[in-house]
Amino acid sequence: MTTIAEGHEEPGHHEHPKFLAHHFDTPQQQFDSGKLGIWLFLTTEVLLFSGLFCAYSVYRSNHPEVFEYAHLYLNKIYGGLNTLVLIFSSFTMAWAVRCSQLGTAPAVFKIPLGKGRHKVLFSVSNQKLCVVLMGITIVCGAIFMGIKGIEYNAKFKEALYPGYYYNPTERPGEVGKVENTNESPIAVKPITASAPADAPPLAHDANGIAFEESRVPRAAIGPQGLNPQWESTEAARDAGEDIVTGHEVGNEPKNVQIFFSCYFLMTGLHGIHVLVGMSLIFWILLRARKGEFGPEYYSPVDFVGLYWHVVDLVWIFLFPLLYLIS
Amino acid sequence: MTTITPDLAQPGGPFDTPADNYLTHTHGFWSWALTLDHKRIGVMYLTATLFFFFVAGVFAMIIRTQLLEPNGVIFTTEESYVHYNQMFTLHGAIMIFLVLIPAVPAALGNFVLPIMLGAKDVAFPRLNLFSFYLYVTGAILAILSIILGAVDTGWTFYTPYSAQTDTAVCWMVGGIFVLGFSSILTGMNFIVTIHKLRPPGMTWFRMPLFLWSTYATSIIQVLATPVLGITLLLLIMERVLRIGIFNSEYGGDPVLFQHFFWFYSHPAVYIMILPAMGVMSEVVPTFSRKHIFGYRFVALSSLGIAIIGFLVWGHHMFPNGQSTMLATIFSFLTMLVAIPSAIKVWNWLATMYKGSLWLQTPMCYALSFLFNFTIGGLTGIFLGALSVDVHLHDTYFVIAHFHYVMFGGTLLGFMAGLHYWWPKITGRMYNETLGKIACGLVFIGFNTTFLPQFVMGSHGMPRRYATYLPYFQPYHVMSTIGAYIQFVGFALTAAYLIHSLFKGEKAPANPWGSATLEWACTSPPPHDNFKHPPHVGDPYDHSNLVWDDSVQGYVRDNRLAEPYTTTTAIPHQAGGHH
C-alpha cells in the first residue's frame, strides 16, 4: 500500500517506471524495501498474538483441568474443516502470487499421457488465473468466517460466554441432549439463564446448586491444584474414571470461564485478521483485474499473500491449542 | 508538483540549492495535510508534541501547587482527592505516550533522519503520513477521555482498579492503542529506510550516531509495542465484556497485566531515552569541535541497550509477587543495562576532553543532560537492587529517579536537539542569550524540583497521594518552587522560539559547523533533499569546516581536506582523518 507515491518525475533522470516511487532509485530497491517492511509488519502481528498465546500458556499451566474439561464444548469437526479451508486458501493465494509474477503469459493445463505426451485441457492467461485464484481465496475466507459464525452462535446459545457472563446450562457432550437424560443424577440444574448485569457471578457446588460466590479475590485461595474439588477430580482420574462425561464424578472444575475468555479472544482477534486479509485480497484483486501486475511489478500481491499466510499460520496454532487438548 | 530550479553555486559545497525550500515548495492547507514530505510530517509532529508538552506541563503545575500544603491547596476535600489522581494520571499518560515517545524519533527524527542518511525520503512516505494521522486520532481519543471522565488509575492502568473505576479508561486506553500503532509504523519505516535507502558510500559505520540510536529505538518500537497493544485491548475487553483475564475473581491474574504492561513499558523508556542519546552524540562532538570518541562503542551500545532493555521488565514488580529467583535474575539484568549506558556517558565525556567547547544553547542542554542523566542512572542502581527497592518501591524516590532519566535525560536531550536543528527546520536563528538563560532556568528549576524528592522518598513519602504528613512540607515546597522556575524557563523558550519564527535572523546552511549531511543542505532544506546522491564523508570530521563571515556560518574549505565532490565513488573508511 505504500509502494506507489505521487512521483514528481524529473526530466533528465533515468527511466522511472510508473510504479516506481520518486525516492527509490531502482525497482529492486523498492521491492526489497517493501519486502523488509512487510516482514517487520508480520513480526508485529505475531507479537500481537503472542500476548494471547502467553496468557493461554499461563492459564493452561495454572488450570489444566479447565482446559481439558472445557475444550469438549468445541466442535472438532468444524475446527478441522476450517483448518482445511484455510490451508487450501493459502495454496490458492500462493498460486495467485506465482501467476502475478508470470503476468500475461498463458497458463496451460494439461494431462500427461505418458511417454512425454500430454493432452492440453485448456490454457488461460496467468493474469486472469491470478484474479480467479484470489477470488477463490476470498471465498475460502468467507467459508471460514461462516463456520466460525455457526460455532460462535452455538456457544452463545449455550451461554458459553467468557468471564463474568459464562453461565452454561449443559455439560459438554450433552449439549442438546439434556432433555433425554432426565434421570441423570449429575445433570446440572439450569441456573438463571441470564444473570442481571450487576449481580455477582454464580458458582455451583458439587450438586450443581447455584450459590453466590465469595467476593474474596481468588488469588488468595491459591492455585487450583490445591483446591479440594480439583483433588477429587484427580482422584477420579486416578481411579480410571472418565472425568468429563463420566457419570461418576463429573464435577465441573472452577474457572471454566477462563478457557472461553482465551477462546473468544484468540479466535476473535484471528477472525478480525481474516476479514482484514479478505479486504486486502479484494483490493489487490481489483488492481490485478486492471492488469497492474506483471513480472516487473508484483510486490502488492506478494505482500498481501504473505499476510494471508501468517493469518493462516496463526490458525494452525490455534486449532490444536483450543480444540485438540489432552 | 514539479519544480525545476537551476542549481546555484553555494560556498557550502556543490549541493543542489534550489531557490525554494520545503516550506515554500507548495502552499495551502492541503499541501500540508496531505503531504508525503518527511520534513513537513516531522514539523507537524513537532507542533503536536510541543502542544501536548504544554498541556501535560499545566497538569504538572496543578500537581505541584496541590502539594504546597500537607492537606492540599486545590483539592482539599476527600471527594475531590480523586481529581488529584486524575491530574497525575493525565500528566503521566500525556507526557509518556504523546510527548516523550514521539518527541525525538517521530518529530525530530522524521525531519532529519532521511537527510542525515542522504535519502530523498523515508522508505514509505504514505505510511509515514498515515502514522501521523494515527497519532492525531490517538491524541483526540485521549483528549475525549479527559472530557468524558478523566482517568484516575495512574499511567500504568494497573488492574483490578483500572477494570473497576468509573472514569473513561476505555477511551484513554483506546487512544494509547492507536498511538502504539503510530509508533510501530514509524519504527518500521525507519528500519527499512536505514537498511535500504542508504546512498552509495553510507556504510553502517559511517552513519551519524543519531541514526544508530534511532535504529535501535525503532527495533524496540516494532518488537515491544504490539505487546502493549494486545494488553490494552485485553484491558478494554476486561471492562466491556468482563472477560476476567486480569481479574482474580474469574481465575485471572492481575500480576499478568503487570508483566504484559512492563514488557512494553520498560523497553519504552529506552524508546524515549535512546533517541535523546543520539542527539547527544551529534551535539557533543559538534560543540566540542572534536571527533566523537569511540564511535563504534557508542553505535553498538545503542543496540546493547535495546537488547538488554527487553529483559529487565520484572524490576518494576519486585514486591508484587514474583519468585525470588525471578527477581534476582531481573535485578542482575537491570545492573547489566548500566554498562552500555555508561559507555555512552564516558564516550561523550572523552569527546569533550581537550576539545574546545562552544557553549551555545544546544551544548548547554547537552551538558545538563549529562549531569542529570548521570544522577538518574546512578539512582537507578538503588532501585535495581532487590533489598533497597523493597524500601523505595512506590515512593517519591522512584518519581525523582524517573524524572531524572526521562526529563533530565530525554526532554533535555530533546531541547538540545530542538535548538540544534531549529535553524535547519525553520531557517531562522533564535536568540542565543535568551536560550542560555532559559536553559539555566530549566536546569536549576529541574534540580530544585526533583533533588528533594529523592530525600522525601527515602524518608517514606509514598507516590500518588493528594496529602502528606507535615514533616514532608519543606521538601514539597522546595519541589514546587523548582517546578515554577521550570515553567518560567519553558515559557521563555516558547516566547523566543516563536519570536524567532517571525523576527529571527536568517539561518546559514551550517551555523554550528557540523559535518553531518543535513548541514550541507540549505536552511531550510529543499523539497527533494538531494538531487544527486551526496558525497558521504566522516560525519564527525570538522577539520575542513571554517567560519565564513559573509554567510554567518560554516563552509567547507576544500583546501583543508580531500576534494569535496558529488561523485558517488566510495571513499576510504571513515575515521581516517584522525
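Q: In this predicted model, what makes two helices roughly antiparallel, given that angles over 145 degrees count as such, and why are helix 3 of chain B and helix 4 of chain B called so?
A: Angles over 145 degrees between N-to-C directions count as roughly antiparallel. The axes of helix 3 (residues 81–117) and helix 4 (residues 125–149) of chain B cross at roughly 165°, and the two helices are therefore roughly antiparallel to each other. Their axes come within 12 Å, and helix 3 of chain B passes helix 4 of chain B in a left-handed crossing.

Q: Which residues of helix 3 of chain B and helix 4 of chain B meet?
A: From helix 3 of chain B come L90(B), I94(B), L98(B), P102(B) and N110(B). They meet N128(B), Y135(B), A139(B), A142(B) and I146(B) in helix 4 of chain B. By class, this contact has eight nonpolar and two polar residues, with no charged residue.

Q: What makes up the contact between helix 14 of chain B and helix 15 of chain B?
A: Helix 14 of chain B contributes residues including Y396(B), F397(B), H403(B), F407(B) and H419(B). Among those from helix 15 of chain B are G435(B), F446(B), F450(B), Q453(B) and M456(B). The classes are eleven nonpolar, seven polar and no charged residues; Gly counts as polar.

Q: How many residues of chain B are in contact with chain A, and which elements supply them?
A: In chain B, 38 residues are in contact with 36 residues of chain A. The elements of chain B that give two or more residues to this side are helix 4, helix 6 (169–196), helix 7 (209–241) and helix 8 (254–288). Helix 7 of chain B supplies the largest share, nine residues. By class, the side of chain B that touches chain A has 23 nonpolar, eight polar and seven charged residues.

Q: What is the mean pLDDT of chain A, and where does its pLDDT stay under 50?
A: The mean pLDDT of chain A is 79, and 71% of its residues reach 70 or more. Over residues 1–13 of chain A the pLDDT is below 50, although this stretch has 24 contacts beyond near neighbours in sequence. Over residues 214–231 of chain A the pLDDT also stays under 50, and the model has 21 contacts for them beyond four places in sequence.

Technical notes: Residues numbered from 1 in each chain as written. Chains lettered and ligands numbered in written order. Predicted model: local features only at pLDDT ≥ 70, side-chain atom pairs only at ≥ 80, totals over all residues. Axes fitted to C-alpha atoms, helices over the stretch in contact; angles between N-to-C directions. Helix = DSSP H or I, 4+ residues; strand = E, 2+ residues; numbered from the N terminus. Parallel < 35°, antiparallel > 145°, perpendicular 65-115°, else oblique. Left-handed = near helix turned anticlockwise from the far one by under 90°. Contact = placed C-beta atoms within 7 Å. pLDDT = per-residue confidence, 0-100.
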